[in-house]
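This report walks through one protein model, element by element. Keep the structure in view while reading.

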Amino acid sequence: MMTSVPQRIVCLSAEVADWLWRLGAWHRVVGVTAWFEMPPEAASKPRISGFSSVGMDQLLALDPDLVIGFSDVQADIAAELIRQGCTVLTTNQRTLKEIEEALILIARSVGCESAAEPLLEEFRGKLFPVELQGQRLRVYFEEWNDPLVAGIAWVGELIERAGGEDIFADLRSCGKALDRVVKPEDVLAARPQIILGSWCGKPFLPDEVAARPEWRNLPAIQHDEIYEIRGADILQPGFRLVFGYKKIIDILSNSAQHLQMPDLQSRAH
């Protein structure tokens with residue numbers, strides 16, 4: 001059982017590494033996932049894992065006193081690490097509320113509660129819902145292209161906070177990607193006005209989306225409203241969601257002007 005503040009921490013998930021860097025605990029991190037984009041000013045750390053795979057011998061050689069990971073995808077990795085005698089913390093957040101709770105838990109687990117307080121206040125403030133002045137734009141978020149996978153819960157929540165309508169909000173409770181698979185005709189029937197995309201682990205290709213023959217009459221494609229949001233800013237459930245949210249707000253605001261959406265308050269009078 002861990003009885004003191006951990007001094008040798010391995011981060012198996014990018015949002016965990018980012019959070020520890022922001023908390024000022026980077027000097028105690030001894031290994032990270034290859035998916036973490038290290039800030040230029042951060043000291044380099046050994047990259048010992050992907051997301052669903054890990055160099056177990058390399059990790060164990062780092063002699064960590066805490067390994068932190070994320071999601072059921074890493075369940076087998078966590079189990080093996082426990083069998084190897086490691087102390088493991090794995091979170092499985094899906095909603096914005098759960099993400100904030102995970103950030104609090106991780107900060108507490110590394111003894112950085114005080115450093116976390118102003119960051120959490122900033123996180124809450126920057127994710128505050130916008131004041132909606134007009135009609136909600138229908139938004140389709142694509143997390144994968146073959147098969148088509150709609151956005152995870154926190155993505156839909158951010159879309160709605162930014163003033164959009166998540167066209168697949170009914171799938172929000174589905175934590176596993178395969179449970180959020182949609183058919184091309186489902187997207188066609190929902191007629192999204194904006195398409196946002198971040199294909200997990202590879203570049204999103206708006207031109208490829210626009211070239212889907214069955215979608216050529218979609219409003220989003222007819223008006224060239226297809227946008228990429230970087231995976232680091234939208235698919236990693238941690239502090240960097242503030243950047244993805246800002247991107248969504250900017251896109252919806254600019255698109256509303258481009259599409260000349262009517263102001264519902266004005267219409268009501």
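## Strand β4 and its partners

Start with a pairing: Ile 9 has Leu 66 of β4 as its bridge partner. The model is predicted. Strands β1 and β4 run parallel and are joined by three bridges. β4 also pairs with β5 (residues 88–91), again in parallel, through four bridges. Here Ile 68 stands opposite Leu 89 of β5.

How many residues of β4 are buried? Five of the five are, so the strand is largely enclosed by the rest of the structure. Leu 66, Ile 68 and Phe 70 point one way, while Val 67 and Gly 69 point the other. Residues on both sides are buried. In a regular strand, side chains alternate between the two faces of the sheet.

## Helix α1

α1 is mostly covered, with eight of its 10 residues buried. The buried set is Ala 14, Glu 15, Val 16, Ala 17, Asp 18, Trp 19, Leu 20 and Leu 23. It includes Glu 15 and Asp 18, and both of these count as charged.

What covers these buried residues? The strands β1 (9–11), β2 (29–33) and β4 (66–70) are among the covering elements. So are the helices α4 (96–109) and α5 (113–126). Just after α1 comes Gly 24, with a positive phi of about 85°.

## The largest pocket

The largest pocket holds about 1,000 Å³ of space. Its lining has 37 residues. Closest to the pocket centre are Phe 51, Glu 143, Cys 200, Gly 201 and Leu 235.

Which elements each supply at least two residues of the lining? They are α1 (14–23), β6 (137–145) and α10 (231–234). By residue class, the lining divides into 18 nonpolar, nine polar and 10 charged residues.

## Helix α11

α11 covers residues 241–259, which gives it 19 residues. From first C-alpha to last, α11 reaches 26 Å. That is close to the 27 Å expected at 1.5 Å a residue.

Which residues of α11 are buried? They are Leu 241, Val 242, Gly 244, Tyr 245, Ile 248, Ile 251, Leu 252, Ser 255 and Leu 259.

## Backbone features in loops

The peptide bond between Asp 146 and Pro 147 is cis, with omega at about 5°. Pro 147 sits in the loop between β6 and β7 (148–150).

Asp 63 is not a glycine, yet has a positive phi of about 55°. Asp 63 lies in the loop between α2 (56–61) and β4. Is Asp 63 buried or exposed? Its relative accessibility is 55%, and the cut-off for exposed is over 50%, so Asp 63 counts as exposed.

Arg 191 also has a positive phi, of about 50°, without being a glycine. Its place is the loop between α7 (184–190) and β9 (194–197). Arg 191 counts as partly exposed because its relative accessibility is 37%, which falls between the 20% and 50% limits.

Terms used: Residues are numbered from 1 along each chain as its sequence is written. This is a predicted model: local features need pLDDT of at least 70, side-chain atom pairs count only at pLDDT 80 or more; totals for chains, interfaces and linings use all residues. Side-chain values use heavy atoms; hydrogens and water are left out. On a 1 Å grid over the protein atoms alone, a cavity is a set of points where a 1.4 Å probe fits but cannot get out, and a pocket is an open set with protein on both sides within 12 Å along at least five of seven lines; lining residues have an atom within 4 Å of a point. Grid points are joined across faces, edges and corners, and a volume is the space filled by probe spheres set on the points. The expected span of a helix is 1.5 Å times one less than its number of residues. Buried means under 20% relative accessible area, exposed over 50%, partly exposed in between (1.4 Å probe, protein chains only). Contact means heavy atoms within 4.5 Å. Two strands pair if DSSP finds at least two bridges between them.
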